[in-house]
Amino acid sequence: MHLIVVGLSHKTAPVEIRERLAVPESRLGEALTRLCSYSGVKEGILLSTCNRVEVYSVVDDIEAGYGRIQEFLADTHLSLSSEQLTPHLYWHTGGRAIGHLFRVAASLDSMIIGESQILGQLKDAFEVALAHKTTGVIMNKVVKKAISVAKRVRTETKISEMAVSVSYAAVELAKKIFSNLHERTVLLVGAGEMAKLAARHLIAHGVRHVRITTRTPQHAVDLAAKFGGTAVPFDQFKDDMASADIVLVSTGAAHYLVGAEDVHRAVEERMNRPMFLIDISVPRNIDPAVRHVDNAFLFDIDDLKHRVEQNRAERVQEAEKAERMVLEEVTTMLDWMKSLEVTPTIVALRNRVDDMKRAEVDKVLARLPHLSHQDRELVEGLASSIVNKLIHRTMVTLKAEVNSSSGPAFVEAARRFFSLDRPSPSVQQIETYTESSCCHGENSAESDAEDPAPETSIPKQAR
Amino acid sequence: MAAVCFMVTMVLYFVATVSFLAYLLRRSEALSKVSLGITGAGFVSHTIALVIRMVDVSSSAPPSFSEALSFFSWMIILVFVVVELRHQIHVLGSFMVPLALVSLVSAAALPETVPTLQPVFKTLWFHVTLSMLGTVGFTVAFVAGVMYLIQDRLLKSKRFNVLYSKLPALDFLDHLNQQSIVLGFPLLTLGIVTGAISAQFARGSYVSWNPEQTWALVTWVFYFVVLLGRLTVGWRAKRAAYLTVIGFACVILTLVGVVLKET
């Protein structure tokens with residue numbers, strides 16, 4: 001049982017490839033079902049966003065699994081040949097696959113580190129997989145863990161705290177001047193895209209009153225309707241400035257629209273209440289001399305960009321902290337996966353020896369029909385205690401070695417000594433225990449094909 | 001017992017000060033919790049010490065200046081704890097806790113002199129308590145003013161450093177400044193009035209124009225003007241911050257006047 005990931009992301013593939021590979025939500029379920037119909041593929045989840053297409057899967061064999069998933073990706077997108085696809089793909093298994101998923105969920109692998117969308121997208125992908133029953137014990141646990149790791153990273157680091165877009169940086173700065181944006185008034189002068197975006201962010205953070213002015217009066221009226229604000233005639237906006245806590249300027253004018261004198265007057269009229277001015281226009285529309293006016297805080301596009309750069313750098317620093325957390329969590333996850341391998345072995349061992357005991361006891365009792373009920377119980381008890389004593393040490397050792405590096409070797413030895421990998425009715429029972437609900441048809445077909453071991457055939461005859 | 005508690009308090013405030021100053025310089029928020037915990041522990045032991053002292057001293061003996069300073073230090077921490085609980089502005093601790101430490105250390109350094117005047121009435125108790133409460137108000141206003149000026153400077157010069165990210169919004173600081181003066185001013189007024197009354201009983205005159213009284217009156221007039229200016233002609237924000245920092249100098253000079261009078 002191996003966890004693998006095959007996929008491509010913004011780091012390995014250009015947008016032309018990514019957009020062709022993306023799986024629309026409506027087809028996700030069908031694609032997942034098909035994925036799990038490949039032989040050797042036990043569990044699967046498909047994460048498809050505009051920046052990445054990745055298939056996480058639990059497979060019997062790593063190499064074969066890689067091949068199957070690659071095949072699946074090429075099949076899903078008939079417009080892409082395997083040759084076109086392969087150079088952009090990456091493959092991971094085991095701890096690296098888990099680590100990759102954790103990093104993706106925590107937005108450490110995102111184009112903008114720390115963005116929060118990816119977690120939602122992963123949750124959606126997981127839900128689709130759950131709905132189509134293509135996940136099992138391993139995948140469920142790993143994905144749930146990935147989600148909790150992402151949450152931990154977000155609360156314990158500052159990775160998502162700092163603004164990394166110019167329009168959002170404006171909101172962040174506003175919050176250092178006004179602790180509460182409710183009841184604040186923003187005046188929008190001109191209607192550049194970035195200014196509109198910033199205004200939207202401000203409204204989302206509580207700004208109640210929006211006043212808008214543009215050179216074309218009708219445009220201002222239209223925008224005012226859109227933002228739920230009021231339009232102000234362009235030639236009067238300077239008189240209106242005093243009523244605005246935040247002034248956002250972005251016009252196409254080639255000269256300064258707002259001078260230091262205007263701002264000075266506005267601040268005075270506001271009885272020195274601070275004012276936040278943002279000039280997103282190039283060339284600038286607010287005279288830089290405004291910097292010298294007390295209680296007026298002017299930021300131009302470069303200041304905002306500078307802030308964004310700083311925040312990005314800070315996010316990268318925080319990301320290092322997050323990477324350490326991911327590493328920690330991967331280790332615990334790997335431990336769990338290892339123990340998962342031991343548990344079915346112990347179950348199988350128990351079942352196997354119980355079957356043997358049952359068969360032998362039945363055989364003996366069939367030859368001794370004259371025994372009293374008490375004597376029969378005695379015989380059964382004897383067999384049980386011998387069997388229990390025999391396997392006791394093995395069980396204890398297996399449990400003890402779960403987390404040691406020789407753990408897999410012990411499991412392997414136990415499986416061979418008791419020929420646990422040979423199918424018997426009991427073995428099938430184990431497989432339903434470890435496997436997902438998906439794709440086990442193929443396995444049972446294999447076990448049917450193989451000849452039953454001689455020992456197990458005896459009880460059948462005896463019965 | 002009280003002495004032990006004072007020592008413990010002093011040590012705890014010292015550690016909290018160091019921790020809060022380190023918090024100021026480091027990006028991590030982890031230190032704030034440690035600092036807050038230590039401050040809280042210090043506050044508890046300080047409270048115990050003050051209660052023991054209150055029970056100990058016969059109620060007729062007027063408080064010494066050293067005791068008043070200790071009370072002042074306790075009030076500063078109390079205000080910090082209240083503001084912290086309401087607004088979670090940890091950085092306030094980096095400014096307030098050192099101040100509390102300084103006043104507590106001064107309290108310990110000053111000789112335990114019994115005031116030269118033995119007033120017949122308990123008005124001196126009121127005088128000391130009210131004046132100290134007023135002083136606490138002006139001290140908080142001073143801290144808010146200093147923080148305001150730093151944040152104003154950082155925003156103007158566009159230096160988005162650690163301090164910038166930790167200091168609260170300008171309007172919060174301005175509001176804190178205003179509230180502290182609005183609360184502190186009437187308390188100081190009452191403190192001065194009760195002081196004058198006890199002086200009248202002790203010496204037969206309300207005012208004797210010693211440095212303490214002179215500076216107290218200067219302080220009172222100054223804050224009166226500051227408050228009036230804020231309410232009428234908009235002396236708020238940066239100007240208010242500057243004025244409260246200057247006003248605090250008057251407060252300190254008044255306290256120096258008290259020490260001179262007592263020694």
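## Chain A in outline

Of the 463 residues that make up chain A, 38% count as buried, a figure that, like everything else reported here, is computed from a predicted model. The secondary structure of chain A comprises 18 helices and ten strands. Among the contacts in chain A with a separation of 6 or more, 72% are between residues 24 or more positions apart.

## The open sheet of chain A

Six strands of chain A form an open sheet, in which the order is β7-β6-β5-β8-β9-β10 and the pairing is parallel. The edges are taken by β7 (230–231) and β10 (296–300) of chain A, each of which has a single partner strand, so one side of each is left without a neighbour in the sheet.

Helix α12 (residues 260–269) of chain A, for its part, lies across β9 and β10 of chain A and runs at about 155° to β9(A).

## The two domains of chain B

The domain assignment divides chain B into domain 1 (1–114) and domain 2 (115–263), and the centres of domain 1 and domain 2 of chain B, taken over C-alpha atoms, are separated by 19 Å. Where they meet, the contact takes 21 residues from domain 1 of chain B and 23 residues from domain 2 of chain B.

On the side of domain 1 of chain B that touches domain 2 of chain B, the elements giving two or more residues are α1 (2–25), α3 (65–87) and α4 (91–109) of chain B. The largest share of this side, seven residues, comes from α3(B). By class, the residues of this side of domain 1 of chain B divide into 18 nonpolar, two polar and one charged.

## Where chain B meets chain A

In the contact of the two chains, 14 residues come from chain B and 16 residues from chain A. The side of chain B that touches chain A receives at least two residues from each of α5 (123–157), α7 (170–203) and α9 (237–262) of chain B, and this side has seven nonpolar, one polar and six charged residues.

Technical notes
Residues are numbered from 1 along each chain as its sequence is written. Chains are lettered from A and ligands numbered from 1 in the order in which they are written. This is a predicted model: local features need pLDDT of at least 70, side-chain atom pairs count only at pLDDT 80 or more; totals for chains, interfaces and linings use all residues. Two residues are in contact if their C-beta atoms, placed from the backbone, lie within 7 Å. Helices (H or I, at least four residues) and strands (E, at least two) are DSSP runs, numbered from the N terminus. Ala, Val, Leu, Ile, Met, Phe, Trp, Tyr, Cys and Pro count as nonpolar, Asp, Glu, Lys and Arg as charged, and the others, Gly among them, as polar. A residue is buried if 20 or more other C-beta atoms lie within 10 Å of its own, exposed if 12 or fewer, and partly exposed in between; C-beta atoms are placed from the backbone. Domain bounds come from an automatic or database domain assignment. Two strands pair if DSSP finds at least two bridges between them. Axes are lines fitted to C-alpha atoms, for helices over the stretch in contact, and angles run from 0 to 180 degrees between N-to-C directions.
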